[in-house]
Amino acid sequence: MENGNHILTETGAFIHNAIQEDLKGRLNELVTRFPPEPSGYLHIGNAKAVYINFELAKIYGGKCNLRFDDTNPAREEGEYVKSIAEDIRWLGYDPQERIFFASDYFEKFYDCAVRLIEKGLAFVCDLTAEELRASFGGVDKPGTESPFRSRSVEENLKLFAQMKNGDFPDGSKTLRAKIDMASKNLNMRDPVIYRIARLHHHNTGDNWCIYPMYDFAHPLEDAFEGVTHSLCSIEFEDHRPIYDWYINNLDFEKKPRQIEFAKISISNTIMGKRFIKELVASGKICGWDDPRLVTLSGMRRRGYPPAAIREFLGTTGVSKALSKYEFDYLEHFVREHLAPVSKVVMAVLNPLKVVITNYAEGAEELLPLAFHNENDLGTREVPFCREIYIEREDFMEDPPKKFFRLAPGKEVRLKGAYFVTCTDVIKDADGNVTEIHCTYDPATKSGTGIEPPRKVKGTLHWVSAKHAIPITANLYDTLVLDAPDTESGVKENPSSLTQMPSAFAEPCLANATPSDRFQFMRNGYFCLDSGEGNVFNRVVSLKSSFKK
């Protein structure tokens, strides 16, 4: 099912029609780009843009650039550059040698700004930040021209050079485009091109004290790299006129074309970088790769298969309207990908000891079990002895009528082993059940046939108390209880993480790696956490509430 043609839908026809029209006319090759700002880790919403740009390049036999829009050193770090590149490759897209940085073009940006000044289309402005904001007016109120707008070309060139050389304090001057302060589009009201900011840059160090604004740098980057189609999210639709204005007035022969598409939204998730940074700083989550986040690094640590994410993104299509999806819909694809390839093993998350009183003390045996009931994933031998653990929820002293697990006098099957019958219940001084005593029927060994035949309704998973390895199981729920329109109304989920620190698993998990996926019988799909210790993260539960 997974392939790039998922985005060839009726809702995405506006992009394909534009590309096909251009390839028949002005273009010989499609070049797209994914241009993240390295101010945080990528999330599932960013992955949508990655998917669209790389898949379209694949469909049309073109190229896709990975370009870091690193023009704002106040928010950017080298850590984010590294994580973004790793996440994109993990998702299944290798930009190879086509990795670029906006900061590599700083000299070119400066030269382009000089050309605008020479053409009388840019000027140095001395308005303060507050005065500048006030001058822009509003939706129903035209802006006010700067008193410095009439400076001569010569004066502007001199002042701009002095800005570059560090002759003025931070924030004291800006370079602005000279367009139309009465424009209905506020982005066209003499926008700022450069600001003064003495900030250390992760790539260029302290070589620059002026930095270009995104709206100025972005179209130029596209033009420098030969990008043919700048596919971006819908909030940049109002920025398209300024995008085209810079391209046209700087006389680029090959002009990129901007096309906008809507973002996707997933219920009960947080994607805003600012909010995630606050959660990390407060210690409420363990980092940008916390498995409760829908950052790509978080989903990787949790155990999501990248192919499942790509398939999810493919089914969401491309449109001009915001697409909202339930979190269960994403989990559906994760579950579908894990089911046929995950080894089924036994792990007891909340253990209750069972002593099989008629099984010889010191005796042991190895029971062969397949790793999967339907697919050939191999077999393993599971050790069995007198003392085992079962799930505490699998025993009730006074069960309801349709409780088919273990209870006093009831018989159940132990998966791959024997039938056992509860004969005694051991409690502590407070009346809490601490241990169950059972007897087993040697004639009921799994795979040997039972004479005379008899059936039991309950089958329990278990582990040997002597041989099992101790693990911690992390069970996840959504990070927030709802998905409000603004993050100011977020209600955090106090049960987003449940840790089971006293769990036990089959000894075959002792050599597990974070790349392995297991189905813990009846408990869900799990993978080893990439951190220290025997910690297993639940990728997703076994049952889905998503309806096909």
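Start by selecting G61, which sits just after α2 and takes a positive phi of about 65°. Before moving on, a word on ground rules: this is a predicted model, where local features need pLDDT of at least 70 and side-chain atom pairs count only at pLDDT 80 or more, while totals for chains, interfaces and linings use all residues. Residues are numbered from 1 along each chain as its sequence is written, and side-chain values use heavy atoms, with hydrogens and water left out.

Now step back to helix α2, residues 44-59. Helices here are DSSP runs (H or I, at least four residues), strands are E runs of at least two, and both are numbered from the N terminus. Of the 16 residues of α2, 13 are buried, so the helix is largely enclosed by the rest of the structure. Buried means under 20% relative accessible area, with exposed over 50% and partly exposed in between (1.4 Å probe, protein chains only).

Next, select D22 in helix α1 (residues 13-24). D22 has 5% relative accessibility, so it counts as buried. Show side chains and you'll find that of D22 making a polar contact with the side chain of R257 at 3.0 Å. A polar contact is a pair of N or O atoms within 3.5 Å; within protein, one must be able to donate a hydrogen and the other to accept it, and residues adjacent in sequence count only if both atoms are side-chain atoms.

Hop over to N185, in the loop between β5 (174-177) and β6. What does its side chain reach? The side chain of N185 gets to the backbone oxygen of D238 at 2.8 Å. Beyond neighbours within four places in sequence, N185 is in contact (heavy atoms within 4.5 Å) with D238 and P241.

Then pick I247 in helix α8 (residues 240-249). Its relative accessibility is 1%, so I247 counts as buried. Leaving out neighbours within four places in sequence, the residues in contact with I247 are P219, A223, F252, K255 and P256.

Last stop: select L132, F136, T174, V192 and M213, which of the 18 lining residues are the closest to the centre of the second largest pocket. By class, that lining has 10 nonpolar, four polar and four charged residues. Here Ala, Val, Leu, Ile, Met, Phe, Trp, Tyr, Cys and Pro count as nonpolar, Asp, Glu, Lys and Arg as charged, and the others, Gly among them, as polar. A pocket is an open set of points on a 1 Å grid over the protein atoms alone where a 1.4 Å probe fits, with protein on both sides within 12 Å along at least five of seven lines; lining residues have an atom within 4 Å of a point.

Conventions: Expected span 1.5 Å × (residues − 1).
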